[in-house]
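The structure and sequence come first, then the links one by one.

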Amino acid sequence: QVQLVESGGGLVQAGGSLRLSCAASGRTFSSYTMGWFRQAPGKEREFVGRISKTGVATRYADSVQGRFTISRDNAKNRVYLQMNSLKPEDTAVYYCAASERATVPLLRSDYTYWGQGTQVTVSS
């Protein structure tokens with residue numbers, strides 16, 4: 001069991017940067033693959049990226065590849081999403097999620113635990 005709380009969202013101009021943080025409760029954080037998803041108004045929640053239990057392997061959606069970076073600090077029970085070169089189309093509510101799957105999870109259904117989300121708004 002893990003409880004997730006996102007923070008770091010806000011308003012930023014296009015081309016700017018923002019770092020989101022996800023704090024996890026519990027003592028089994030390193031047992032979870034962590035993912036980031038986002039959902040814009042009128043659109044379905046979409047995969048942004050994920051990071052393996054040890055932080056060695058990462059995977060990103062094509063739309064954010066090269067601009068976003070996921071990292072984790074298991075000692076602090078935190079996962080981060082560094083967002084650079086932000087675009088207006090990145091505007092969405094961003095969610096962190098935890099998966100217990102042993103295989104690499106990219107689907108929403110692969111994740112059991114979800115945070116409340118944090119709003120990211122990119123202006124032009």
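A residue counts as buried when its relative accessible area is under 20%. In this predicted model, C22 and C96 are both buried. These two cysteines form a disulfide, with their sulfur atoms 2.0 Å apart, and the count of disulfides is one. C22 sits in strand β3 (residues 18–24) and C96 in strand β9 (residues 92–99), so the bond ties together parts that are 74 residues apart in sequence. The disulfide is right-handed, because the torsion about its S-S bond is about 50°.

Side chains of opposite charge can pair when their charged atoms come close. The model has five salt bridges, including those in the table.

| Salt bridge | Closest N to O distance |
|---|---|
| E44 and R108 | 3.8 Å |
| D110 and R101 | 3.2 Å |

D90 and R38 are both buried. D90 lies in the loop between β8 (78–83) and β9, and R38 in strand β4 (residues 33–39), so this pair ties together parts that are 52 residues apart in sequence. Both residues also belong to a network of salt bridges that links R38, E46, R67 and D90.

For the salt bridge between E44 and R108, E44 lies in the loop between β4 and β5 (46–51) and R108 in the loop between β9 and β10 (113–114), so the parts tied together are 64 residues apart in sequence. E44 is exposed, at 61% relative accessible area, whereas R108 is partly exposed at 41%.

In the remaining table entry, D110 is buried, with a relative accessible area of 11%, and R101 is partly exposed at 40%.

Technical notes. Residues are numbered from 1 along each chain as its sequence is written. This is a predicted model: local features need pLDDT of at least 70, side-chain atom pairs count only at pLDDT 80 or more; totals for chains, interfaces and linings use all residues. Side-chain values use heavy atoms; hydrogens and water are left out. A disulfide is a pair of cysteine sulfur atoms within 2.5 Å. Helices (H or I, at least four residues) and strands (E, at least two) are DSSP runs, numbered from the N terminus. Buried means under 20% relative accessible area, exposed over 50%, partly exposed in between (1.4 Å probe, protein chains only). A salt bridge is a side-chain nitrogen of Lys or Arg within 4 Å of a carboxyl oxygen of Asp or Glu.
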